[in-house]
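User: I'd like to go through this model and ask what stands behind each label. Can you set the values against the cut-offs for me?

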Amino acid sequence: MRAAEMTDVSSPCHLRVTRGRFAALKMPILVIEDEPRILAFVRRGLEAQGFAVDAAADGASGLRRARGGRYDLVVLDLLLPGLDGLTVLRELARSDPALPVLILSARSDLRTKLCGFELGARDYLSKPFSLHELLARVRVHLRAAGTGEQEERVLRAGPLELDLARRRARTGDAAADLTDREFRLLHHLVRHRGEIVSREQLLADVWGYHFDPGSNVVDVCVRRLRKKLGPTAIETIRHVGYRLAA
Ligand code: CA
């Protein structure tokens, strides 16, 4: 990859505005990347924003480090020596589903992206990439993880309770552990309880798609949630979307 492909010449003012906040926090980020030049480039960018960066150059050591539990976010390459990135992602989703993983990969085909999101990635950025875009996305995910709402451990919507720390939902007698995607979909509906949420909104906010991938991932996920929580847990608003009772 040429340096120019990785570099942004613009310097948006919001980078300067938000820098202090994250610099003060020194949030630890793990970058799993085997290409030394890309790793150095990403590391410099993140450190310049005040993040504490650790690195791993292969999948197995990356997974080991990530499981140590010290990180607020993982930036993950897919084509890695030894253990490939999708395997690392799958294992991480099992052991630490709350840890946000942002994939940064030269693989830009839709199939790989869908697979990454299905395995629990929060975000996907294709190489060549803009450093400013990577930093912006990192900040979004760290902000989402650090909102005051997370400190309120249990959210309620009608008869439904969502335990944010345990990623567990309860309604009446039914209680269930949730997969990462189920949790995020339900979390989105709970935060918008009483409102109709469209499929497009859910695709954008839960899957990160700002286009229709032509699949029924949202409906499938809602069906799985109803199986776990009862058929009336989530209301379908015909031709519009879904709603949770306030
Ligand atoms: Ca690679």
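This is a predicted model: local features need pLDDT of at least 70, side-chain atom pairs count only at pLDDT 80 or more; totals for chains, interfaces and linings use all residues.

User: What makes Asp 34, Asp 77 and Leu 79 protein donors of the calcium ion?

Analyst: Distance does. A donor is an N, O or S atom within 2.8 Å of the metal, or 3.2 Å for Na, K and Ca; water is not among the atoms, so sites may look incomplete. Here the OD atoms of Asp 34 and Asp 77 and the O of Leu 79 lie 2.1 to 2.3 Å from the calcium ion. The spacing of the donor residues in sequence is D-x42-D-x1-L. Asp 34 sits in the loop between β1 (28-32) and α3 (36-48), and Leu 79 in the loop between β3 (73-76) and α5 (85-95), so that pair links distant parts of the chain, 45 residues apart. For the element names, helices (H or I, at least four residues) and strands (E, at least two) are DSSP runs, numbered from the N terminus.

User: Why is Asp 34 called partly exposed?

Analyst: Buried means under 20% relative accessible area, exposed over 50%, and partly exposed in between (1.4 Å probe, protein chains only). Asp 34 has 32%, so it goes in the partly exposed class.

User: How many residues line the largest pocket, and which are the closest to its centre?

Analyst: The lining has 35 residues, and Arg 122, His 141, Ala 144, Arg 184 and Asp 205 are the closest to the centre. A pocket is found on a 1 Å grid over the protein atoms alone: it is an open set of points with protein on both sides within 12 Å along at least five of seven lines, and lining residues have an atom within 4 Å of a point. The volume is about 980 Å³, counted as the space filled by probe spheres set on the points, which are joined across faces, edges and corners. Helix α7 gives the largest share of this lining, six residues. By class there are 17 nonpolar, eight polar and 10 charged residues; Ala, Val, Leu, Ile, Met, Phe, Trp, Tyr, Cys and Pro count as nonpolar, Asp, Glu, Lys and Arg as charged, and the others, Gly among them, as polar.

User: How do you know where the second largest pocket lies relative to domain 1 and domain 2?

Analyst: Domain 1 (3-146) and domain 2 (151-243) both give residues to its lining, so the pocket lies between them. Those domain bounds come from an automatic or database domain assignment. The volume of this second largest pocket is about 200 Å³. Its lining includes Arg 90, Phe 117 and Arg 224, and α5 supplies the largest share, three residues. The class count is three nonpolar, two polar and six charged.

User: What makes the Phe 41 and Phe 129 pair edge-to-face?

Analyst: Rings of Phe, Tyr and Trp (its six-membered ring) pair if their centres lie within 6.5 Å; planes under 30 degrees apart count as stacked, over 60 as edge-to-face and the rest as tilted. These two rings have centres 5.8 Å apart and planes at 65°, so edge-to-face it is. Phe 41 is in helix α3 and Phe 129 in the loop between β5 and α7, so the pair ties together parts 88 residues apart in sequence. Phe 41, at 10% relative accessible area, is buried, and so is Phe 129 at 3%.

User: And why is the Phe 117 and Tyr 124 pair called tilted?

Analyst: The planes are at 45°, with 6.5 Å centre to centre.

Notes:
Residues are numbered from 1 along each chain as its sequence is written. Side-chain values use heavy atoms; hydrogens and water are left out. On a 1 Å grid over the protein atoms alone, a cavity is a set of points where a 1.4 Å probe fits but cannot get out, and a pocket is an open set with protein on both sides within 12 Å along at least five of seven lines; lining residues have an atom within 4 Å of a point.
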